[in-house]
Amino acid sequence: MTRTTVPPVACVGEPRLTAGFAEFGRLDLLAHEEVHGPIGPMEPAALLRLAEAIDLKGKGGAGFPFARKLRAVLESCERQDLGAVVVVNATEGEPASWKDKVLLTRAPHLILDGAALAAFALDAEEIVIGVADDDVGRPSLTEALQERRMPVPTTIVTVPHRFISGEGGALVNGINGLPHIPPGTKKRSSDSGVGGLPTLLSNAETYSQLAVAARIGPYEYAALGTDDEPGTVLLTVTGSAKRPAVVECAAGTPLREILDLCEVPPGPGILMGGYHGKWITAAAADRAEVSRKGLTAVGGTLGAGIIVPLGADTCPLGEAAQVVRYLAGESAGQCGPCKMGLPDLARSVDLAVSGSAPVELVRAAAGDVKGRGACSHPDGTARFALSAMEVFADDLRLHATGEGCGKRVKGMMGLPGAPDANPQKLTLDWSRCDGHGLCAHVVPDFIRLDGNGYPAFPPTPVPTWLREGALKAVKVCPELALRLVRAE
């Protein structure tokens, strides 16, 4: 799939968020009301009771209880005697995720219903909806706003389609006219967010689920799902799936049922939860259920509902290494764990995959960033890398011989521009190298000096985000010993 091609939609069991898709495609206001019925405003106490009764958690990845967010904003407004702002995060910066884009393009009024409910309960001053600059969801959302009257002024803000732009603090910064990156220090938007006002910020699917629950009530809502996690879940299934799709299913549905629906072939592992998620084995997938509790039980995570299976014909470690490089390049670059730690983690993964370093180097690099960042990006990247080392341990042993697993990297992870159309690697003419060490000073994220002062670097392709530095290292080599050549 390209970045602007919305995948097909499927449903296992009773559709809720995707109701009416088969009949209407995109639901305009008339179709939306025909399918979902009327909805009225709710007082703060009633909305809180509803969110608590259905145990609504954020669908953007972190899974924070919506009722706690709502209560925190209500209390902050009262304490500071300020108005509130409702923010819908529909940026979906992760390349592997498409569920929010499906809602934007086909069920925009569900999102608006949920935001309107929250705005009325908070007596909010405005609603702001953040969308990516890929022009996928904005036209449909704009049309939906023209079809109806919102309870408060509602605006759409476009943010860069970057991984970190979808982080809550980054979205608030962007709305406030600041760079679209997370703040350098951890801040609570419920205390001070958009325009300095208490801000309720949640994901597009979360607001949509709220709108469904407000119509049918907590008891009917809980008729689907599990006791711990009532309701349905939206999943994005890509990777090696022969029928990639956004799938709605009840929480507790066997994961194998989803994989079979999307015609996922056998493979070495499945990424659950996206680039900040965790890998599970094919055997674990056979006994897993689609829920936070069910996936945690097999070593995975639900995260933002992203499922990326790998085919048997690609190198799983190479696929994982590409993602770690990408995540290092997506850093905000404003705190040490991101600016220095993630490039070092990417380099450590490259070295382990090439067989040039033990897996302990990856564990050490991951340990250096965990829990130390200004946002969750370092933690999520470390979690992804460590999970890959664990699940693909057998492949890692093959790579430790220096020969690898014999498979090329097919680029199944949905990365922008992956696989690299022109992969290049560094080579060294040892007969010329005198160990000046200039190259390691120019691009220390990829080239290090060994115990004898000579350059050492992995034989894998140079990450695209380090290509310019590698070329500069070639140019400064006084002995012309370093070369940048095409990686076959």
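This is a predicted model: local features need pLDDT of at least 70, side-chain atom pairs count only at pLDDT 80 or more; totals for chains, interfaces and linings use all residues.
How many residues of strand S5 (residues 199-203) are buried?

View 1. Strand S5, which spans residues 199-203, is mostly covered, and five of its five residues are buried. The term buried is applied here to residues with under 20% relative accessible area.

**View 2. The pairing of strands S2 and S5.** Strand S2, made up of residues 85-90, runs parallel to S5, and the two strands pair over five bridges. Within this part of the model, Asn89 stands opposite Asn203, a residue of S5.

**View 3. The overall fold in which these strands sit.** The secondary structure of the protein amounts to 19 helices and 14 strands, and, taken along the principal axes, a box of roughly 80 × 50 × 35 Å is filled by the C-alpha atoms. The radius of gyration is 24 Å, which agrees with the value near 23 Å that a compact globule would have with 488 residues. When contacts between residues at least 6 apart in sequence are considered, 72% of them join residues at least 24 apart.

**View 4. Burial, surface and charge across the protein.** Of the 488 residues in the protein, 56% are buried, while the accessible surface comes to about 20,000 Å², with 51% of that area belonging to carbon and sulfur atoms. The protein carries 47 positive and 56 negative charges, and the mean positions of these two sets are 5 Å apart.

Definitions and conventions
Residues are numbered from 1 along each chain as its sequence is written. Side-chain values use heavy atoms; hydrogens and water are left out. Buried means under 20% relative accessible area, exposed over 50%, partly exposed in between (1.4 Å probe, protein chains only). Helices (H or I, at least four residues) and strands (E, at least two) are DSSP runs, numbered from the N terminus. Two strands pair if DSSP finds at least two bridges between them. The radius of gyration is taken over C-alpha atoms; the globule rule is 2.2 Å times the number of residues to the power 0.38. Contact means heavy atoms within 4.5 Å. Accessible areas come from the Shrake-Rupley method with a 1.4 Å probe; for residues, only the protein chains shown count as cover. Lys and Arg count as positive and Asp and Glu as negative; His and the chain ends are not counted. The place of a charge is taken as NZ of Lys, CZ of Arg, CG of Asp or CD of Glu.
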